[in-house]
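The sequence and the coordinates are shown below.

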Amino acid sequence: MTLQSMTGFARNEGSFGRYRIVWELRSVNGKGLDLRLRLPPGLERLEPEVRRLVGEQVTRGNIQASLTLAASETKLEAVLNREALDAVLSLRAELGDIIDPAPLRLDTLLGIRGIVDIREAEESAEEADARDAEIVECLARALAHLRQMREQEGAALADVMARQIDRVEELALIVEKDPSRSAEEIGRRLQQQVAALLQDNSQSLDPIRLHSEVALLATKADLREEIDRLKAHVAATRDLLGKGGPVGRRLDFLAQEFNRESNTICSKSNSSAVTAAGVELKVVIDQFREQVQNLE
């Protein structure tokens, strides 16, 4: 599966008889799937099928779907009002000995208000079903175009995030290899600090207790766990980017974990180089998380 961005646009036109069918789809970022549907009056029956089709192609994002249905011409029909005609004929029979007995002409009948009603022809059930099927097919094509656009943007985002993750890995290695983390350097620095404390406080400090406390602090300041977790998060992120599909929420969680480790590295750092790497880590991770917000 490929990654999908949550932003996209698609438009598809179709026709059925005298009808022109136009679907427009717009997609933007969202926490879940939110479909806002606009259908012409009388076509509300299509809503369940529209929602089903959208749900098959999209799992996350705010979707606006708009259908325009326009008739190129109006199909009219003449409808005879039988009751009005019977009433007129009955009146004529009643007045037969008074008025001209000649048969009524068609133009005379048409001139009588209410005898014939000219109105837009109603579609048969078969015609309506066939038109609805074409509307749904037009929507399916529009959704395919929308998915294609979202996948293209998703591929571009994946390339950007892959480079960002590469940089996260590089910075983690910089922290890991920094000389300040070597056992020799840590021991030398602690020896200097302990010697200075003992010299200034020879009457009040217990050397054994002091060494124990310093060793405890040194253990707390070690960055091994943070570096290992960063490497694990890098591997998990690459796996999700390669797997594709709707992985935006899981990548967002990993971005939070990245940020937590970078904060810890900065707080534990006792080297300007490590601090600088930690700060850059935070910048890269913020950029990564911004891109993640666009993914399905």
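Helices, in the sense used here, are DSSP runs of H or I with at least four residues, numbered from the N terminus. The model is predicted.

## Helix α7

Helix α7 comprises residues 224–243. At 1.5 Å a residue, its 20 residues should span 28 Å, and the end C-alpha atoms are 29 Å apart, which agrees. The helix is followed by G244, whose phi is positive, near 75°.

Where do the buried residues of α7 lie around the axis? The buried residues are E226, I227, L230, H233, V234, T237, L240 and L241. They cover an arc of only 145° around the axis, so they lie on the same side of α7. The cover over these buried residues includes α4 (125–177), α8 and α9. On the face turned away from the buried side, α7 carries the exposed residues E225 and G242.

## Helices α8 and α9

One aromatic pair is found in a search of the whole structure. Its members are F258 and F288, in an edge-to-face arrangement with 6.2 Å centre to centre and 80° between the planes. The pair links distant parts of the chain: F258 belongs to helix α8 (residues 248–268) and F288 to helix α9 (residues 272–292), 30 residues apart. Because its relative accessible area is 0%, F258 is classed as buried; F288, with a relative accessible area of 1%, is buried as well.

Helix α8 also contains E257. This glutamate has 15% relative accessibility and therefore counts as buried, the cut-off being under 20%. The C-alpha atoms of E257 and I285 are separated by 9.7 Å, with the two residues 28 apart along the chain.

## Surroundings of S27

S27 is located in strand β2 (residues 19–28) and counts as buried, because its relative accessibility is 3%. Which residues does S27 contact, leaving aside its neighbours within four places in sequence? The contacts are M6, T7, G8, N62, I63, L146 and R150.

Polar atoms are involved in two of these cases. A polar atom of the S27 side chain lies 2.4 Å from the backbone oxygen of M6. The side chain of S27 also makes a polar contact with the side chain of R150, at 2.6 Å.

## A charge over a ring

A further feature concerns R131 and Y19. The charged end of R131 sits over the ring of Y19, at 5.2 Å from the ring centre.

Definitions and conventions
Residues numbered from 1 in each chain as written. Predicted model: local features only at pLDDT ≥ 70, side-chain atom pairs only at ≥ 80, totals over all residues. Heavy atoms only, no water. Phe/Tyr/Trp six-rings, centres within 6.5 Å; stacked < 30°, edge-to-face > 60°. Helix = DSSP H or I, 4+ residues; strand = E, 2+ residues; numbered from the N terminus. Buried < 20%, exposed > 50% of the residue type's maximum accessible area, 1.4 Å probe, protein only. Lys NZ or Arg CZ within 6 Å of the ring centre and 35° of its normal. Expected span 1.5 Å × (residues − 1). Arc of directions from axis to C-beta. Contact = heavy atoms within 4.5 Å. Polar contact = N/O pair within 3.5 Å; in protein donor to acceptor, adjacent residues only side chain to side chain.
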